[in-house]
Amino acid sequence: RQNNAGASAATNYGVREAGDGLIILFDDDILPSTNCISQHVAFHDSHPNSILSGSADSDPARAITDVQKYKLFMEESWIQVRSDTIELLKVEFRNFIITTANMSLPREIFIALGGFNTKLRDGYDVDFGFRALKAGHNLYFDRSIKTIHNDQISLRYYAARQRAYTESKKIIFSTFPELQSQFDQEISLAPS
């Protein structure tokens with residue numbers, strides 16, 4: 001138990017206290033599919049010393065308000081842009097996809113990378129993934145490893161998350177300045 005210091009600090013604490021082996025992370029509003037955990041374990045049996053993210057999709061049946069429908073629309077648009085995420089994908093800087101909402105990795109990798117950046121309230125998964133790639137770790141994204149993101153957001157919450165994410169991006173890009181121009185270029189090349 002510790003005082004509330006955000007999700008990144010809570011995860012760091014939990015992983016430090018856990019025994020050695022495979023760590024599987026889900027956010028508190030994530031519902032894993034029935035075979036999600038066994039898929040993570042099977043992946044690491046064939047890809048030891050790697051980091052894996054699965055999908056964290058919103059449930060269309062739960063999108064009732066306009067802001068929930070908008071968020072779902074944005075998620076579906078992103079999936080269409082990233083059509084390469086249908087199958088197992090080796091993640092690189094050019095096709096960066098990672099989420100801690102549905103993620104697994106050996107505990108020793110998490111510890112060696114120093115865990116999540118506790119200065120970030122959002123985007124700490126992006127920061128972690130960039131550091132992992134720079135350290136030479138293999139990252140993968142597998143859309144078939146599914147979870148449902150039970151995120152019943154309000155407009156106020158969505159706006160606050162977007163502001164937090166923007167602030168996190170500033171911190172991330174100050175840490176990785178070489179990624180700012182690459183990010184800007186990829187955004188300008190995205191289909192509209």
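Which residues of β6 are buried on one side, and which on the other? In this predicted model, Asn102, Ser104 and Pro106 lie on one side of β6 and Met103 and Leu105 on the other, and all of them are buried, so that both faces of the strand are covered. In a regular strand, side chains alternate between the two faces of the sheet. The strand is accordingly described as mostly covered, with 5 of its 5 residues buried.

The mean pLDDT of the protein chain is 80, and 81% of its residues reach 70 or more. Over residues 187-192, by contrast, pLDDT stays under 50, and the model has 1 contact beyond four places in sequence for this stretch. Where pLDDT is low, the predicted coordinates should not be read in detail.

Strand β6 belongs to an open sheet of 5 strands, arranged in the order β1-β6-β3-β7-β5 with mixed pairing. The edges are held by β1 and β5, each of which has a single partner strand, so one side of each lacks a neighbour in the sheet. From one strand to the next, the twist averages 25°. Strands β1 and β6 are paired in the antiparallel sense over 5 bridges, and Ile23 stands opposite Leu105 in β6. The pairing of β3 with β6 is also antiparallel, over 2 bridges, with Leu52 opposite Ser104 in β6. Strand β3 (residues 50-54) runs parallel to β7, to which 5 bridges join it; here Ser53 stands opposite Phe141 in β7. Helix α5 packs on the sheet, where it touches β3, β5, β6 and β7, and its direction makes about 135° with that of β7.

The largest nonpolar core comprises 26 residues, and those with the most contacts inside it are Ile51, Phe96, Met103, Leu105, Phe128 and Leu139. Two or more residues each are given to this core by β1, β5 (89-91), β6 (102-106), α4, α5 and β7. The greatest contribution, 6 residues, is that of α5. Beyond its neighbours within four places in sequence, Phe128 is in contact with Ile51, Met103, Leu105, Phe110, Leu113, Gly115 and Phe116. Another core, of 5 residues, lies apart from the largest one and has Cys36, Phe43, Tyr140 and Ile145 among its members.

Tyr140 is located in strand β7 (residues 138-142). This residue counts as buried because its relative accessibility is 13%, below the 20% cut-off. Outside the four places on either side in sequence, the contacts of Tyr140 include Phe43, His47, Ile51, Leu88 and Val91.

In helix α1 (residues 7-17), the buried residues are Ser8, Ala9, Asn12 and Val15. Because they fall within an arc of 130° when seen down the axis of α1, they line one face of the helix. The partners against which the buried residues of α1 pack are β1 (22-26), α4 (107-112) and α5 (124-134).

Technical notes:
Residues numbered from 1 in each chain as written. Heavy atoms only, no water. Helix = DSSP H or I, 4+ residues; strand = E, 2+ residues; numbered from the N terminus. Buried < 20%, exposed > 50% of the residue type's maximum accessible area, 1.4 Å probe, protein only. Contact = heavy atoms within 4.5 Å. Arc of directions from axis to C-beta. Core = buried A, V, L, I, M, F, W, Y, C linked by side-chain atoms within 4.5 Å. pLDDT = per-residue confidence, 0-100. Pairing = 2+ DSSP bridges. Axes fitted to C-alpha atoms, helices over the stretch in contact; angles between N-to-C directions.
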